[in-house]
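Here are my notes on this model. Please read them with the structure open.

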Amino acid sequence: MTDAFDAVLPAQLPAPQEATAYAPSNIALSKYWGKRDAGLNLPLNSSLSISLAEWGTTTTILPADRDEVSLNGEVLDPASSFATKVVAYLDRFRRGQTLPVRVETVNTIPTAAGLASSASGFAALTKAIDGAFALSLPEAQQSMLSRYGSGSATRSFWHGFVRWDRGADPAGMDSFAVPVEAPWLDFRIALIKVDTGPKAQSSRDGMGHTVATSPLFPPWPDRAEADCAAIEAAVRAQDFATLGALAEANALAMHATMMAARPALTYLKAGSWQVLEALWQARAEGLEAYATMDAGANVKLIFLKEAGADVRRLFPAAEIIDPFGYSP
Ligand code: 2P0
């Protein structure tokens, strides 16, 4: 089978030069949950996200005498899980060549926001590798390769709305993301912190367990594929009520597949449900905002600018992001 890295990279990489890249984090409005191939990290369904503007990761690669990885200014133990993942990902590009580098990763996502940073992390790392080894790969190919680091990284190469197509090629060469050219300047996201502790189970293990044991999982891939198409149509039509209702239903359906897993898996906590109940009460009284939750307890709201003051009143501690307000 085609090896994705052999297929798009030159046989020999040049000596590394210094390169820096930024990638925003993203939140899926139509979720990725479940793999059809764990080795190639291929998803069972397409997904669609909104990027988080200046909340993301900046990564710098420099020539070095031996591999060294730092995170937020601190040099990491090479045996740490973060350093191990970064070096394993670099090795996919180096393919046995001796090209040591120093990798400096800085997350601009406040830790307190409780957002995962693997999406922006692997996207920024891929872009920095592309620069350091003078690859000049098209973004679609970078997105495809980043999938081997983390599936959600495929969607972090662009600002705005982005769709990751599941693809059909068994080798995964067509499973990458593309930007959805549909700027929506009034679109807003609120992050509502419920819990910022480490998660009980990684998304990778959580989705594997759900696929393997949940009796509610079998209908998910087709439903998620249909949701993804309908959500993209609502984004393009700027039909916020349809988009919000679909995104919230899609997220809850994903969590339902987990709760039905045996044994049950839930990332949501009592505080998540309190946020949802407050939101649903406010929505019954006219607030147009909808919720989405990922592999963690925190709740993200989507709404339009005009609802901002009401969202702020309801959730005073919320971080509000303007996804199209990014200026480098
Ligand atoms: C998403 N999540 O679409 C979904 C919704 C979490 C819930 O993508 O195994 O860290 O590295 O491909 O990308 C988180 O999963 O998983 C994720 P891997 P990843 O945003």
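1. The shell around the ligand divides into 6 nonpolar, 6 polar and 5 charged residues. Here Ala, Val, Leu, Ile, Met, Phe, Trp, Tyr, Cys and Pro count as nonpolar, Asp, Glu, Lys and Arg as charged, and the others, Gly among them, as polar.

2. This is a predicted model: local features need pLDDT of at least 70, side-chain atom pairs count only at pLDDT 80 or more, and totals for chains, interfaces and linings use all residues. Residues are numbered from 1 along each chain as its sequence is written, and side-chain values use heavy atoms, without hydrogens and water.

3. Where does the ligand lie? Domain 1 (4-180) and domain 2 (187-321) both give residues to its shell, so the ligand lies between them. The domain bounds come from an automatic or database domain assignment.

4. Now the contacts. A polar side-chain atom of Y32 lies 2.6 Å from an oxygen atom of the ligand. For G151, a backbone N or O atom lies 2.7 Å from a ligand oxygen. The protein covers 92% of the 470 Å² of accessible area that the ligand has on its own (Shrake-Rupley method, 1.4 Å probe).

5. Check the loops too. A cis peptide bond joins R262 and P263, with omega about -5°. P263 lies in the loop between α7 (240-259) and α8 (270-284). Helices are DSSP runs of H or I, at least four residues, numbered from the N terminus.

6. Phi of S136 is near 50°, a positive value in a residue other than glycine. S136 is exposed, with a relative accessible area of 62% (exposed means over 50%, with a 1.4 Å probe and protein chains only).

Definitions and conventions:
Helices (H or I, at least four residues) and strands (E, at least two) are DSSP runs, numbered from the N terminus. Buried means under 20% relative accessible area, exposed over 50%, partly exposed in between (1.4 Å probe, protein chains only). A polar contact is a pair of N or O atoms within 3.5 Å; within protein, one must be able to donate a hydrogen and the other to accept it, and residues adjacent in sequence count only if both atoms are side-chain atoms.
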